[in-house]
Amino acid sequence: MKRAIPVVVLSIAGLVPVWLYQPSAATSTVQATTPATSSTSSSSSSSESSGSNVVTSSTINTEKGPVQLQVTFDGTKITAVKMLQQPDHPQTTAAVPKLIAETLEAQSADIDTVSGATITSEAYKKSLQATIDDNAKTASEASASPSASATEESSKTVDGTAVNTEKGTVQVQVTFAGDEISAVTMLQQPNHPQTTAAVPKLIAETLQAQSADIDTVSGATITSDGYKESLQAAIDAKG
């Protein structure tokens, strides 16, 4: 009986740590990881936040494979770049993080080509510039019309005269917000590469000058003169 007492005591001593033990909570399920600034993904919530705009580029096919980007903007700031399509190649895989990191730092498509991945780099920069242009256009349209009711009250659209040239017919449609030229649309234009390249320049100059007193685009003199004549007719018709 005397020997049984130490055994019971030792048994109780062994059970005490078991009674006092409480399992710790698993930290892996509650820890949040913060993505690095060069993250290649953006969450759906960020695209819905105020001032955020997600733009997807068109697919550019290269001899290495297709390249397509999805870029998230906060206003005009690039906050994330995601590769939707890229060539299945080790050099591309190594180049993409560098291209994204440079984009987030430069905040433009004016970045260096990654050595060994020239084709992918050039397609990436072309896609990136397209998304930047699209975002700028969206922002410009939003700022040009502060409210739908105000736009409806003050906006007026006028078709310019159809001007026949030896290259083809030129006709513009001008939208005015009050006395300001807010948009120019080509209703008719010559089917010619130089005209296609010249039209965006003519429209950009019009919106800046707010008149038909703009420069002729080199290599597209005939189209430029027809454009300015049609534009002036629309301005005169608006009154």
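Leaving aside its neighbours within four places in sequence, K125 is in contact (heavy atoms within 4.5 Å) with A109, I111, D112 and T113. K125 is found in helix α4, residues 118-144, and is buried with a relative accessible area of 15%, where buried means under 20% relative accessible area, exposed over 50% and partly exposed in between, for a 1.4 Å probe and protein chains only. The model is predicted, so local features need pLDDT of at least 70 and side-chain atom pairs count only at pLDDT 80 or more, while totals for chains, interfaces and linings use all residues. Residues are numbered from 1 along each chain as its sequence is written, and side-chain values use heavy atoms, with hydrogens and water left out.

**Chain overview**
- The chain has seven helices and eight strands, taken as DSSP runs numbered from the N terminus (helices H or I, at least four residues; strands E, at least two).
- Buried residues make up 31% of the 239 residues in the chain.
- Of the contacts in the chain with a separation of 6 or more, 43% come from residues 24 or more positions apart.

**Helix α7**
- Helix α7, residues 221-238, has 18 residues and reaches 26 Å from its first C-alpha to its last, close to the 26 Å expected at 1.5 Å a residue, the expected span being 1.5 Å times one less than the number of residues.
- The buried residues of α7 are T223, S224, G226, Y227, K228, S230, L231, A234 and K238, and what covers them includes the strands β5 (155-159), β6 (163-165), β7 (168-177) and β8 (180-188) together with helix α6 (193-209).
- Just after α7, G239 takes a positive phi of about 80°.

**Packing of α6 against α7**
- The axes of α6 and α7 come within 10 Å and cross at roughly 40°, with axes being lines fitted to C-alpha atoms, for helices over the stretch in contact, and angles running from 0 to 180 degrees between N-to-C directions.
- The two helices α6 and α7 are therefore oblique to each other, since angles under 35 degrees count as roughly parallel, over 145 as roughly antiparallel, 65 to 115 as roughly perpendicular and the rest as oblique.
- On the α6 side the contact is made by T195, L202, I203 and T206, and on the α7 side by T223, S224, Y227 and L231.

- Strands β3 (residues 66-74) and β4 (residues 77-85) run antiparallel and are joined by seven bridges, where two strands pair if DSSP finds at least two bridges between them.
- L69 stands opposite M83 in β4.
- The hairpin formed by β3 and β4 has two residues between the strands, and G75 in the turn has a positive phi of about 70°.
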